[in-house]
Amino acid sequence: ELESIREAQVINFLDNSKIDWMLFTSPLEYGNPFRIEWFQSVHTAAVIYDLIPLAFPEQCLFDERYKSDYMDSLEFIKGVDLLRSISQFTKDDIVRRLGIPEKKIKAIMAGIDPRYLAVHNPGLTDLQKRFPLCDHYFLFAGGIHFKKNIERIITAYGAIPPQYRKNTMLVIAGKADPSTIQHYMDEAEKARVGESVICTNYISDSELMSLYCNACALVYPSL
């Protein structure tokens with residue numbers, strides 16, 4: 001009965017709004033309540049970020065309810081008129097894994113917040129009051145998640161010959177719970193770089209800009 005109510009609400013919205021297109025900004029999120037057949041009166045488009053759960057089912061689809069909802073969402077996007085992927089890799093993945101025709105998909109890449117395009121470099125003074133941060137560091141900044149391959153970053157940093165790694169640090173910037181941070185620090189100890197790895201946990205946008213502006217290099221080995 002709940003689904004019938006949702007269908008009626010959608011049809012009522014479409015009738016009253018008189019829109020031509022309906023854009024779904026993230027239809028693969030958990031709990032997508034829609035059915036594509038409800039939108040026959042309009043054109044449909046959707047933005048797809050990745051198909052990570054299909055690539056790593058053991059890590060992502062172990063919960064049967066989540067798996068069922070996710071699979072329903074995949075069926076939903078198969079019926080959408082036009083798909084926008086945020087990368088060429090995601091576009092290729094959609095074609096390969098879901099069999100959706102390439103002509104229905106356009107890679108549009110990710111946007112950049114205007115604040116990051118014309119930034120005054122505030123330096124590291126404030127951050128160095130909070131963290132034992134040296135002037136030369138490699139930076140990972142993003143969501144703390146297995147797909148970001150952070151353990152591999154730490155291992156790779158530890159594999160750099162000491163003479164080249166000297167006077168540098170690895171900074172991992174992203175919100176994480178204490179157990180996750182401890183896990184990464186344990187990995188750093190295993191790689192014998194425990195004193196050269198910093199996990200910042202949550203930082204403000206202004207602090208993130210400082211880290212971006214002053215980093216030697218950005219590191220993104222996502223799976």
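Author: Helices (H or I, at least four residues) and strands (E, at least two) are DSSP runs, numbered from the N terminus. The model is predicted, so that local features need pLDDT of at least 70 and side-chain atom pairs count only at pLDDT 80 or more, while totals for chains, interfaces and linings use all residues. Residues are numbered from 1 along each chain as its sequence is written, and side-chain values use heavy atoms, with hydrogens and water left out.

Reader: Which element supplies the largest share of the lining of the largest pocket?

Author: A pocket is an open set of points on a 1 Å grid over the protein atoms alone, with protein on both sides within 12 Å along at least five of seven lines, and its lining residues have an atom within 4 Å of a point. The largest pocket is lined by 21 residues, and those nearest its centre are Tyr49, Asp50, Ile86, Lys148 and Ser222. At least two residues of this lining come from each of α2 (52-55), α5 (88-98) and β5 (137-141). With 4 residues, the largest share belongs to α5.

Reader: What is the volume of the largest pocket?

Author: A volume here is the space filled by probe spheres set on the grid points, which are joined across faces, edges and corners. For the largest pocket, this space comes to about 710 Å³.

Reader: Which elements give two or more residues to the lining of the second largest pocket?

Author: The second largest pocket has a volume of about 280 Å³. It is lined by 16 residues, and closest to its centre lie Leu28, Glu29, Asp50, Pro53 and Lys147. Two or more residues of this lining are given by each of β2 (43-48), α2 and α4 (64-78).

Reader: Where does the lining of the largest cavity draw most of its residues from, among the elements of the fold?

Author: A cavity is a set of grid points where a 1.4 Å probe fits but cannot get out, and the count of those of 30 Å³ or more comes to 1. The largest cavity has a volume of about 40 Å³, and the residues that line it include Ile144, Ile172, Tyr184 and Cys199. Both α9 (178-190) and β7 (197-201) supply at least two residues of the lining, but the element that gives the most, with 3 residues, is β7.

Reader: Is Phe39, which pairs with Phe34, buried or exposed?

Author: The structure holds 9 aromatic pairs, in which rings of Phe, Tyr and Trp (its six-membered ring) have centres within 6.5 Å, with planes under 30 degrees apart counted as stacked, over 60 as edge-to-face and the rest as tilted. Phe34 and Phe39 form an edge-to-face pair, at 5.7 Å centre to centre and 80° between the planes, and ring pairs also link these two with Phe24 and Phe76 into a cluster. Phe34 is partly exposed at 28% relative accessibility, on a scale where buried means under 20% relative accessible area, exposed over 50% and partly exposed in between (1.4 Å probe, protein chains only). Phe39 has a relative accessible area of 4%, so this residue is buried.

Reader: How many residues apart in sequence are the parts that the pair of Phe140 and Tyr220 ties together?

Author: The ring centres of Phe140 and Tyr220 lie 5.8 Å apart with the planes at 55°, so the pair counts as tilted. Phe140 is buried, with a relative accessible area of 1%, whereas Tyr220 is partly exposed at 42%. Because Phe140 belongs to strand β5 and Tyr220 to the segment after β8 (217-218), the separation in sequence of the parts that they tie together is 80 residues.

Reader: In which strand does Asn201 lie?

Author: Asn201 has a positive phi of about 60° although it is not a glycine, and at 25% relative accessibility this residue counts as partly exposed. Asn201 is also one of the residues that line the largest cavity. The strand that holds Asn201 is β7.

Reader: What is the relative accessible area of Asn167?

Author: Asn167 is not a glycine, yet has a positive phi of about 65°. Its place is in the loop between α8 (162-165) and β6 (169-173). Asn167 counts as exposed because its relative accessible area is 57%.
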